[in-house]
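Welcome! Try each task before reading its solution.

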Amino acid sequence: MSLTQTAREESRPTGEVSSLDSGARTRPTVVLAGASLCIAAALLLGFVINLAVLGSLTQHRDQKVAFDALRVQLAKGTAAVSPKGVDGRLLPLGTPMAILSIPSLGVKQVVFEGTTSRVLTHGPGHQRSSVLPGQAGSSVVMARRAAFGGPFAGLPNIRKGARIQTTTGQGAATYTVVNVLEGARAATGTADLPENRLTLITAGGLPFVASGVVRVEAVLQGTPQPAPPAAIADSALPAAEAALAGDSSAWVGLVFWLQALILASVGVIWLWLRWGRRQAWVIAVPVVLLLAMCAMNQAALLLPNVL
């Protein structure tokens, strides 16, 4: 260092030096706070986008794939007609079981086995303790009101007399709506429903704000198909398959993805201090968004299954 530079450093006011040193010391704290706020914003944005936009797209894709697979099974006569497979074991959750159509609402959906929050991200779900649509007995189907495509978004507006059509491995069946219940009247159990009924259940209240359930009851027109013995009792169903229940198993995945987000935030700070703000965010933004979407997908499963 030259004598001139040394003299300039010595002549610098003491307050200015301490101010610069203080700024240097606080810079990592400011960076950490800024990165944390950005990541929190990414989490909230990812949560909203996942429920309202990406969830709808993935549900549409899942429906198309399931419809193609079920159509082949129906043509070959290999579609499931019971919650149990040929080996006597319960079918895996998410197995395509039937096609449900409500012409007055413009609904045509593949119905999957099970009613957990995870299953209902793909479309309507069949309650495993009930018979399949078209069979003798009471059949129960649940679906989401708003999130992940909201297949039953118009269910509260369905009118008595509306037709509901179903197709399973045993053939087609037609139901006529006879009752639409909401609030306290819809909260009763489904175990004692009349024979040859199809019950559709979704969330009540405003979209994305579940307050009770909406239950639509429809009576079968014509002769029912024979039903196999009950595969599982109502009392034996896991709590996650009840209406308005969340999927507690999603906590494992949520914790994993949140840990990944924490590591990513540390990486963002290190890149910020090492390379600079622009370079850090060029690399960090896609990674943080991806991890945020994965975390929010797991968080959505903790919400009510018919939301």
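## Exercise 1: Two packed helices

In this predicted model, helix α3 (residues 250-275) packs with α4 at an angle of about 170°, and their axes are 9 Å apart.

Task: decide whether α3 and α4 are roughly parallel or roughly antiparallel to each other.

Solution: 
- Start from the cut-off: angles over 145 degrees count as roughly antiparallel.
- The angle here is about 170°, therefore α3 and α4 are roughly antiparallel to each other.
- As for the residue classes, the contact of α3 with α4 has 21 nonpolar, three polar and one charged residues.

## Exercise 2: Along helix α4

Task: find where α4 has a kink, and look up its span.

Solution: 
- Helix α4 covers residues 277-300, which makes 24 residues.
- From first C-alpha to last, α4 reaches 32 Å, close to the expected 34 Å.
- Now look at Ala284: a kink of about 40° lies there, shortly before the proline Pro286.
- Ala284 is also buried, and so are other α4 residues, including Trp281, Val288 and Leu291.

## Exercise 3: Strand β7 and its partners

Task: work out which strands pair with β7, and in which sense.

Solution: 
- On one side, strand β4 (residues 138-142) pairs with β7 in the parallel sense over five bridges; Ser138 stands opposite Arg197 in β7.
- Strand β8 (residues 209-221) runs antiparallel to β7, joined by nine bridges, and Thr202 stands opposite Val214 in β8.
- Two residues lie between the strands in the hairpin of β7 and β8, where Phe208 takes a positive phi near 70°.
- Finally, eight of the 10 residues of β7 (residues 197-206) are buried, so β7 is largely enclosed by the rest of the structure.

Technical notes
Residues are numbered from 1 along each chain as its sequence is written. This is a predicted model: local features need pLDDT of at least 70, side-chain atom pairs count only at pLDDT 80 or more; totals for chains, interfaces and linings use all residues. Side-chain values use heavy atoms; hydrogens and water are left out. Helices (H or I, at least four residues) and strands (E, at least two) are DSSP runs, numbered from the N terminus. The expected span of a helix is 1.5 Å times one less than its number of residues. The bend at a residue is the angle between axes fitted to the seven residues ending there and the seven starting there. Buried means under 20% relative accessible area, exposed over 50%, partly exposed in between (1.4 Å probe, protein chains only). Two strands pair if DSSP finds at least two bridges between them. Axes are lines fitted to C-alpha atoms, for helices over the stretch in contact, and angles run from 0 to 180 degrees between N-to-C directions. Angles under 35 degrees count as roughly parallel, over 145 as roughly antiparallel, 65 to 115 as roughly perpendicular and the rest as oblique. Ala, Val, Leu, Ile, Met, Phe, Trp, Tyr, Cys and Pro count as nonpolar, Asp, Glu, Lys and Arg as charged, and the others, Gly among them, as polar.
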